[in-house]
Amino acid sequence: MFTKRLVGYSIFTLACCVGAQASASLEDTIKAEIQAAKDDFHKVKHQVNDEARQIEAKDHMFKNPTEMAEGHFWDATDLSPELSKHVADQAHLHLMTQKKFPSAQDCSVCHPFHFEGWAASGHAYAQVSPIFNAMQGTFIERTGGTNGDFCIRCHTPVGMTLNEPLFTANENRAPISREGVTCVVCHRLDEEYGRVSGRFPMKEGPIYDEMYGPLGNEVIKEVIARYYVSPSPDVNPGAEQIHKGTEKVSVFQKPVFCGMCHDVNSQNGFRLETAYTQFLNSPAAEKGQTCQDCHMSKTPGQPLSGYHHGPVAEIGGQPTPNQRLTDHSFHGPDYSIIHAGVYPHSVEGPAIAPFPEWFNFDYAAGWGSAKFELEKAGSTDFPQFWRDRKLRIRARIFIDNQIKRMETFNVGRLQLLRRGYQFRSFELTQNNDEGIEFDLTIQNGTDGHAVPTGFDAERVVFVQVTVTDKEGTVVFQSGDRDPNGDLRDDLSRYVHNGEVPYDEFLMSLQSDFLALNLRGGQRPEILTVDYSGTPQPFIRPNTASSLLVGHPPDTRKAVNSLPPNGSRTGTYKVRQDQLTGKGPYMVNIKFISQMMPVHLVWDVSGVGFDYGLSAKQIGERLVGGALTLWEHNIVLDAPTAHIDLRPTEEEIVTTDKDPYAQNRWYTYIQSLLHRK
């Protein structure tokens, strides 16, 4: 018995040693693969934007970064038949579309600063948004198709020019269509069209054709003369492709250029969005400022910060002479709720995996990380495409970089929103055993337009107030959410069903669409689509003059936005029966901005959501992405008090993120901007 045990123990010991050696060997292998993948990734990255890179000869000019990324990643991964077919299909589609409209990826070769800003912007997100796609489908369904391209022509102008379907999954669209408001949407316009709700033509042509913008033709002529480039297919074949000219068009520096899309009248005359109209009547317009001065300046939302000055392009690794450099980030209230593999837009992402395959890559579970690959990969049933460990590791490194890019972008988004939404003052008027009462004043810190603006009936901006006693017990709340994640207002389904009380103290800046019903009253509606009793819905002409009444007679909007420099005061009252007698009490106030309300998700869910997302997932991501712009804790230790809450410029721009440390372009770009 002893001998058997000894042999068994020895075998067990040997097995442990072998197992430990195998585990250590696997760990070393994975670490080596991760390091190799990082080296490959950084090699591609720095080959595009490393200022110190030396060019040995003209015929060694660097390739398009798409080609470089594809070469690195595809050489390291065996192509499956499915991927091979996708590569061929995408290449064919790219050849078809680039003859008409160059992609932003093509532009990124020479314009890394502009591409990096645009890639995470609201313009770049316009078409890939699953909520927008469902809204478009809902409008089509409820109007029997008579809504046409009214919404989507602003969100993917290229896609509509290519006669793509009005409603389909984004994987069915051309890659450039998924780019939304991409480079050519603006820079292939040579005329002023005014307030046309996104209805304007873009000039078609390959990358060699002229582009239009605020700058003249002098620099591009110098580039063609000095560099080994190809301004047309038959000139220097194989060299870096550039456009042969840049025509200066004055409208690029005028507010009306933005007004072509950002002032929207629906078919029945309803004023859906009025950002441009608001600007025309603002103090900023009276001072001679423009939309571009705020939204393309050095500091988001600060016209006095001026513009960057630096190289507008980088040709063959060499920057062009310094000129005015505009920021194309266009920070705003939108944020991404889709997979980091496809957004922000990138050069590397499509080289690693086809668009639809990214949604099967579970980076939240840790795929591609050393810990996951060592401990959990063996028990995970991967989709066919992601069974290659090296591919998962490359995808993981790329995803981590994508997340850092979004963190950088969100710094500017926070700074911009902080300018528009600010606390002004807190006024304590009663604080005794009979109750607590205080006034809270908020203000629009900008003078260019109302906040929120644009699609203001679907922007959730509100004040959350929580009063607690000294033990932390909540005695009062306003601005809290129902179980769906909605505020407790008229559009909350829980409030409508009597399951939670209406928030009578809610200070919300979300506007309301109101529709006239048959009995002469009005009811709130989420989308401005007429209800019809006929089998075939139709957007019908009004039966009365919109001109005489100033709005469609059956629909209006109750605007709750703050006008330029405007303010609003909310009064909050804590009743005597709500007090616990355990003072002093503390008031926590938050100013919160959220992209869209959860009830909108429910309203458009009938047509389904792109990327396999459920309404619950989208609602959770909307709430999870909400930004707390300002937060204050105020201890009520006096019978009355007045506190000035207006932020300083330093408080507006100070965040816990360093934008330059997080982003792969910024260090290089900043070195160019500050070059003497």
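I take buried to mean under 20% relative accessible area, exposed over 50%, and partly exposed in between, with a 1.4 Å probe and protein chains only.

I am working on a predicted model, in which local features need pLDDT of at least 70 and side-chain atom pairs count only at pLDDT 80 or more, while totals for chains, interfaces and linings use all residues. I number residues from 1 along each chain as its sequence is written, and side-chain values use heavy atoms, with hydrogens and water left out.

Confidence. I looked up pLDDT (the predictor's confidence in each residue, from 0 to 100) and found a mean of 84 for the protein chain, with 81% of its residues at 70 or more. Residues 1–15 lie below 50 and have 0 contacts (heavy atoms within 4.5 Å) beyond near neighbours in sequence. Residues 659–676 also stay under 50, yet the model gives this stretch 39 contacts beyond four places in sequence.

Salt bridges. I counted as a salt bridge a side-chain nitrogen of Lys or Arg within 4 Å of a carboxyl oxygen of Asp or Glu, and the structure holds 24 of them. Asp149 pairs with Arg153 at 3.4 Å between the closest N and O atoms; Asp149 is buried at 17% relative accessibility, and Arg153 is buried at 13%. Both belong to a salt-bridge network that includes Arg199.

I then turned to Arg459 and Asp334, whose side chains meet at 2.8 Å, N to O. This pair links distant parts of the chain, 125 residues apart. Arg459 is buried, with a relative accessible area of 13%, whereas Asp334 is partly exposed at 24%.

Note on methods
Helix = DSSP H or I, 4+ residues; strand = E, 2+ residues; numbered from the N terminus.
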